[in-house]
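Biologist: Could you take me through the ring contacts and the strand pairing, giving the cut-off behind each term as you use it?

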Amino acid sequence: MRYRDFLKTQLKNRLPEDIQLPSGFHIVGHVALVHLNSSLQEYASIIGDATLSFDDRIKSVAIRTGPTSGEKRHPDFEVVAGDCNTVTTHIENGVQFRLDPIRITFSGGNKRERINIVKQIKSGEIVVDMFSCVGQFALQIAKSTDALVTAIEINDDAYQFLLDNIRINKLENRVTALLGDCRKVHPINYANRIIMGYLHNTDLYLPHALDTLTQEGGIIHMHIAIQRDILEDTTSRIGEICSRKGFESQIQVRKIKNYSPGVDHVVFDINLGLL
Ligand SMILES: C[S@@+](CC[C@H](N)C(=O)[O-])C[C@H]1O[C@@H](n2cnc3c(N)ncnc32)[C@H](O)[C@@H]1O
């Protein structure tokens with residue numbers, strides 16, 4: 001049964017008839033993350049209790065209490081039912097991710113991208129993941145290819161989980177974790193492939209990514225949340241930034257998902273060679 005229908009059945013006579021129930025939730029390990037509109041906030045705890053019996057995997061239910069904020073991407077959730085311990089292990093494509101999803105974001109929207117990127121990696125690649133979080137891209141790549149990966153993360157909380165996850169997945173010989181701002185701690189003239197999995201003004205970080213690339217070139221996957229009407233201008237500007245750093249670029253843009261009205265989450269695949 002679909003989640004909304006399940007809630008309707010479970011909570012019959014306990015909620016106003018015409019109220020719009022949520023259509024789904026995001027599950028990370030044993031934690032269900034639910035978005036409720038303002039009219040449902042007062043029913044959070046009974047919706048939480050019902051959600052616990054919807055799926056055997058769910059042991060905690062948290063509702064969103066505000067937007068994800070700041071450079072370190074702090075989510076805002078409150079546990080309303082079940083176990084208050086929300087540190088969990090989420091398994092994606094055979095990789096174990098230990099994290100607390102009410103303190104650290106773990107987006108389902110990038111899942112296909114994480115799996116697809118693995119297929120593109122050639123033997124012997126050197127990869128830098130500039131916005132690593134708990135290792136969403138870095139560990140998928142290291143687990144399924146022979147690439148050596150450097151994972152950079154500024155948020156100490158996420159970095160500690162990244163260290164745990166490298167160990168849990170037995171990838172100590174393949175992944176190096178760096179704590180700090182990727183504009184400062186990135187290696188120079190080093191990688192063939194760079195992943196920029198961050199959505200906010202990511203183009204400002206591009207000059208640093210270009211410094212990390214080997215002088216022969218390579219590929220940069222630059223994610224960004226961008227207004228549709230400035231996509232073309234941004235593509236030209238990216239080309240200019242690359243040529244100022246001495247690279248010729250071929251740029252392809254792919255849409256990952258809708259982000260907000262008029263704004264898409266896209267990835268710029270920037271192939272770079274010597275000018
Ligand atoms: C939303 S997460 C994305 C995780 C993963 N890359 C993905 O796309 O699924 C972005 C991460 O970038 C980190 N971050 C933001 N600014 C950073 C910076 N200047 N240097 C390194 N990490 C940064 C945040 O702390 C956060 O953990």
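Modeller: Phe 131 and Tyr 205 are both buried, where buried means under 20% relative accessible area, exposed over 50% and partly exposed in between, with a 1.4 Å probe and protein chains only. This is a predicted model, in which local features need pLDDT of at least 70 and side-chain atom pairs count only at pLDDT 80 or more, while totals for chains, interfaces and linings use all residues. Residues are numbered from 1 along each chain as its sequence is written, and side-chain values use heavy atoms, with hydrogens and water left out.

Biologist: Why is the pair of Phe 131 and Tyr 205 called edge-to-face?

Modeller: Rings of Phe, Tyr and Trp (its six-membered ring) pair if their centres lie within 6.5 Å, and planes under 30 degrees apart count as stacked, over 60 as edge-to-face and the rest as tilted. The ring centres of Phe 131 and Tyr 205 are 5.1 Å apart with planes at 80 degrees, so this pair is edge-to-face.

Biologist: What makes β8 and β9 a strand pair?

Modeller: Strands (E, at least two residues) and helices (H or I, at least four) are DSSP runs numbered from the N terminus, and two strands pair if DSSP finds at least two bridges between them. Strand β8 (residues 148–153) and strand β9 (residues 175–179) have 5 bridges in the parallel sense, and Ile 152 has Leu 178 as its bridge partner in β9.

Biologist: Which residues do ring pairs link into a cluster?

Modeller: The cluster consists of Tyr 3, Phe 6, Phe 25 and Phe 54, linked by ring pairs.
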